[in-house]
Amino acid sequence: MHITITTPLYYVNDKPHLGSTYTTIACDAFARYHRLIGNKVEFITGVDEHGQKIQRTAESKNIKPIEHCDSISKEYQDLWSQWFISNDHFVRTTSHQHIDLVERFFKKVNDNGDIRIGNQKGWYCVGCEEYKEVKANNNSPECPIHLTMLEWRDEENLFFCLSKYQKEIEKLVSDSSFIQPSTRRNEIINFVSKGLKDFSISRINVKWGIPVPGYKGHTFYVWFDALLGYISALSDNQQNIILEKGKLKGWPNAIHVIGKDILRFHAVYWPAMLMSAGLDIPQKVFGHGFLTREGLKMGKSLGNVLDPKELLDKYGDEPLRWFLLSDIKFGQDGDFQQKRFIELVNNDLANTIGNLLNRTLNMSRKWFNNSIPTDIDYNNDNELKVLAKSIINDSLVYYENLSFKEVCQLLIKLSSASNLYLNDKQPWKLIKDNNRIGEVSQYIYNVLESCRIIALLINPILPKISQEILRQLGYKNILNEWKDELKWGRLKEGTKLPIPKPILNRIE
Ligand code: MSP
């Protein structure tokens, strides 16, 4: 299967923070999982570079908007490579290719009769780049997300005739597989049921935007422009992307992973735009929760962000990946607390998984000539094999549903069960009895197999630790046929074992 996985295209008004890193890590795990099960993946991330917010940021720094965009865009690209993100595309909405696509897309929608001129009045949040609904008697409203004053606007804009798509969008959002997790669906169903209003897709006072062909003085509204970034990403190296149903690579098998703040744009406006242009709509929109600090959304505008670069330098990427994906249920909000982060990583990765691997490899090396034991019954029925089998099945389902926390919990369950298995069998006592060496071989082998399964299953979340565990197990055919390799009994008896080392140093 050929699929597309996207992060939002992040605004370049400021440098990246842990919130955007969170979405990107989750998408990375999801993309890695899909590659492992044999899918061809177009993993798209990138930046959203136009609009008033960015225009103002550049003005305040006294530099040209494009200079500002170049520098922040580079920060994002550098950061993703430092976080070991496996994206296949990085979109910049200032690229010629993207601008060309936006113009052609607009023409299609306009030719379809879905654009009209009108007047837009209302309260606008530049931080959200969105008009907000405000109670009639409120003359100084604030944005609930950014806690800044909204700005009054009254201007001529071009409108996209969203109202024409009421029936289609109602049908789409009531489909239980389209918006996930299901808790988010009701909010959108409710919004749609109030009746869809046409939305303005151009601005007349924003210079830093793509000019609307044929409408002098108008630039495209940043959201109309940005959503199309997902399509322009798919046109890498392909000058003339074909805007026709069924012709886009990796589309419509597409899943947009976003924060819950921008669900409406992805689940309502975007599908209607695609319908209007005669294109297929994506398969799924997953709206995850916010990372908070002291209960407030962590964000550039509130200035309460954690710097992913600093955290990376201090702790490394994989401990943070583990914390973000294992501590917070994907879909719900979660607070970042340093103390909890350190405890969790030390307990799970250093103590539970790390110790299991280390102690078992040490026993194997000591008693079996630096190798995996021999005389193994590969079909030996034992409790770890039974548990591993059910954990493999469940993990695949959880991965499919982006339930990363649940996968992590299962991996800790298998590690703990394997540690208990050793404590129960006490091979260090049995080894003293020459008649019981065969038993010891099998016990050690079973635990090493369990470590191999853990390493394979953890790969989408912690790719480096996964490879390191497999290397220490002397396991060569790494990740070629993942699903097949997940079958019990693939470690070869007698394989030489490299000298073990901690997979992670405890964080102090
Ligand atoms: N530019 C738009 C998206 C256009 S997509 C075609 C935008 N950009 S943004 O920089 O504001 O990024 C918003 C996204 O960043 C959220 O939807 C979420 O994915 C991520 N996050 C930003 N802050 C976050 C938290 N505090 N917590 C979790 N995710 C956060 O909106």
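Okay, let's start with strand S1, which gives the most to the shell around the ligand, with four residues. Before I go on: this is a predicted model, so local features need pLDDT of at least 70 and side-chain atom pairs count only at pLDDT 80 or more, while totals for chains, interfaces and linings use all residues. Residues are numbered from 1 along each chain as its sequence is written, and side-chain values use heavy atoms, with hydrogens and water left out.

Back to that shell. A residue is near a molecule or strand here if one of its heavy atoms lies within 4 Å of it. There are 25 residues around the ligand, and Leu-9, Thr-23, Asp-48, Leu-291 and Met-298 come nearest. By type, the shell has 14 nonpolar, seven polar and four charged residues.

Which elements each supply at least two residues of the shell? Those are strand S1 (2-11), helix H1 (18-36), helix H7 (222-227) and strand S11 (254-259). Helices and strands are DSSP runs numbered from the N terminus, helices being H or I with at least four residues and strands E with at least two.

Now the close pairs of atoms. A nitrogen atom of the ligand sits 2.8 Å from a polar backbone atom of Leu-9. Thr-23 uses its side chain: an N or O atom there is 2.7 Å from an oxygen atom of the ligand. With Leu-291, a backbone N or O atom lies 2.7 Å from a nitrogen atom of the ligand. Taken alone, the ligand exposes 670 Å², and the protein buries 96% of that; these areas come from the Shrake-Rupley method with a 1.4 Å probe.

Next stop, a sheet. Three strands form an open sheet in the order S14-S13-S15, with mixed pairing. Strands S14 (296-297) and S15 (334-335) stand at the edges with a single partner strand each, so one side of each has no neighbour in the sheet. S13 (residues 291-293) and S14 pair in the antiparallel sense over two bridges; pairing takes at least two bridges found by DSSP. Arg-293 stands opposite Leu-296 in S14.

Last stop: Lys-425, in helix H14 (residues 404-425). Leaving aside neighbours within four places in sequence, Lys-425 is in contact (heavy atoms within 4.5 Å) with Glu-383, Leu-430 and Tyr-443. Lys-425 and Val-440 are 15 residues apart in sequence and 8.5 Å apart in space, C-alpha to C-alpha.

Methods. Polar contact = N/O pair within 3.5 Å; in protein donor to acceptor, adjacent residues only side chain to side chain. Nonpolar A, V, L, I, M, F, W, Y, C, P; charged D, E, K, R; others polar.
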